[in-house]
Amino acid sequence: MEAVPRMPMIWLDLKEAGEFAFNAAVKKSAVNVPRDFEGCSTLRKYFGQLHYLQSRIPMGAEQEAAVPIAWTEIFSGKTVTHEDIKYEQACILYNLGALHSMLGAMDKRVSEECAAGAFTYLRDHFPHSYSVDMSHQILNLNINLMLGQAQECLLEKSMLDNRKSFLVARISAQVVDYYKEACRALENSETASLLGKIQKDWKKLVQMKIYYFAAVAHLHMGKQAEEQQKFGERVIYFQSALDKLNEAIKLAKGQPETVQEALRFTMDVIGGKYNSAKKDNDFIYHEAVPALDTLQSVKGAPLVKALPVNPTDPAVTGPDIFAKLVPMAAHEASSLYSEEKAKLLRDVMAKIEAKNEVLDQFMDSMQLDPETVDNLDMYSHIPPVLMEKCAALSVRPDTVKNLVQSMQVLSGVFTDVEASLKEIRDLLEEDEAQERKLQELLGKVPSPQGSPPLPPPLSPGLAEVSKECSKYLELHEKASFTNTELHKAMNLHIGNLRLLSGPLDQVRAALPSPTLTEDDKQVLQNLKRILGKVQEMRDQRTSLEQQLREMIQKDDITTSLVTTDRSEMKKLFEEQLKKYDQIKVYLEQNLAAQENVLKALTDANVKYAAVRKALAEVEHKWNTTVQTLVASYEAYEDLMKKSQEGKDFYTDLEGK
């Protein structure tokens, strides 16, 4: 597969800039970049400098220095204008991602991760209301397309490097996962209406690739099975790969010749592998070919990631050309403030983690699951495994009758054979007695000197018949024990089979169920209520922690620092940090409540002990009863088989 022709990739158009009251030379170089990596570098530098600019000059939405900024919306061609410097940043970032996608679609297949990083940063750090081509849905689509194509490039390299088959299969499976996410976005009606005609073309290509790379994944799973000498698995994986490739071929109608070449090449590889594997298994190995759904599914290995965008990395953006607009003291103060926020977060998290550790250890020792603390719901219906057996017997109404008749026939044959053997034995004993009496009349058989006279020997014919009769009697005795055991087994299971064949109400009534007093029910309700309080406390704690982290992340006082005297910095920090007091109070209250909640839970658990024991006993009886009924159903075929074997045995013995 390392020589397979490359599949085409999707790339995005760049947005066109309109009006922006900025230096003409800067604007020209930033919006009309060459379509190469130098162009990417220019966009990154411009994006970084815009970031420096907007942090110093109030050019954001509804700010004093805001000016109109116009860009063309990709899908409609309309000009969209906003008075917000962040709009300029967002459009430049979009073009950075689009340019990387364009370069990645060419022979330079190293750009998709950069494109995914640009779109991810755009999605996470900018409003989605600027224009429809930068909406949340479109950006998610672009991210999954770029990650899928980046993983596709990695797959190409992995095959060229002859990496292990299982790893190649997982890499290919992840390509499928990314493209499935992209396909879901393409199938969204809102996204489709935004994309217009291009949506159908992209969707066709992505759907075809989903099947194609699924085929590649199963091809390499088959190769791994081959390496492990699992020849049955090898056949089913190659067959699955062939099926998926045929689906890809169906979806590839109208695709360019490069796609057709790749499909033909892959068909030669997979087809050859499948035919060879099937022939070898049919004529040499004879291994059972398992069903595909019985084998472990191939889990994707995401080995690519959206490369992060750092707008303040001097290695990318170059020196800050607006550095003189903000005093160094403000930068230093901002760093100090960030450390104060970090210290606040560390202190709070230390308290939260200590309480969480105590809570986790306590709950582990209690072994209380809020979802199954009483298990009462399970007793309100017949379990599915038992319903399945009842349904199977409902279409075989003569099950019990057939078993009883079969055992009755066996008993009859057993009785007949036993009577015949006894009759034959009696006749033989009578003949033996008469023959010995006759021989006594004719004279004793001489014996060695000094020994008592020997009884006369039986005639050879009679002795042979007696020996044969003894052998059959011995066989009958052994079979009699087996027959008795078979009847015991039948008597053990016949009642259960009658129950399973009857009305479901009777089956339900036969299953144990707990009998709880009103006090028991009150104990249960109280325990569940307190367990709910524990979960509520956990959820509130997690929510408050998340709110605190988000507040700290969004807390930027650079603007205030620029206009604050150095001597007032400490006071400003104290005032700014007060915004966290309220959420800290809520967290302290939450943590303090834990001791009371756990004490109440301890008391409730003590009262619950007797109820818990009773419920555990009923559950054990329930499970035992269910298992016994299932065992009776499964024993039916075995009883019928053994009954038939018994009848065959006695019929043969009777003939002998």
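Guide: Welcome! The largest nonpolar core here has 88 residues, and Leu93, Met208, Tyr212 and Leu263 have the most contacts inside it. Helix H3 (residues 85-105) gives this core its largest share, 12 residues. A second, separate core of 21 residues includes Met349, Ile557, Leu577 and Ile583. This is a predicted model, in which local features need pLDDT of at least 70, side-chain atom pairs count only at pLDDT 80 or more, and totals for chains, interfaces and linings use all residues. Residues are numbered from 1 along each chain as its sequence is written, and side-chain values use heavy atoms, with hydrogens and water left out.

Visitor: What makes a nonpolar core?

Guide: A set of buried Ala, Val, Leu, Ile, Met, Phe, Trp, Tyr and Cys residues joined through side-chain atoms within 4.5 Å.

Visitor: Why is Ser172 called buried?

Guide: Buried means under 20% relative accessible area, exposed over 50%, partly exposed in between (1.4 Å probe, protein chains only). Ser172 has 0% relative accessibility, so Ser172 counts as buried.

Visitor: Which residues does Ser172 touch, not counting residues up to four places away in sequence?

Guide: Contact means heavy atoms within 4.5 Å, and Ser172 touches Leu155, Phe213, Val216 and Ala217. A polar atom of the Ser172 side chain lies 3.5 Å from the backbone nitrogen of Ala217.

Visitor: How do you know that strands S2 and S3 pair?

Guide: Two strands pair if DSSP finds at least two bridges between them. S2 (residues 69-72) and S3 (residues 79-82) have four bridges, in the antiparallel sense, and Trp71 stands opposite Val80 in S3. Helices (H or I, at least four residues) and strands (E, at least two) are DSSP runs, numbered from the N terminus.

Technical notes: Polar contact = N/O pair within 3.5 Å; in protein donor to acceptor, adjacent residues only side chain to side chain.
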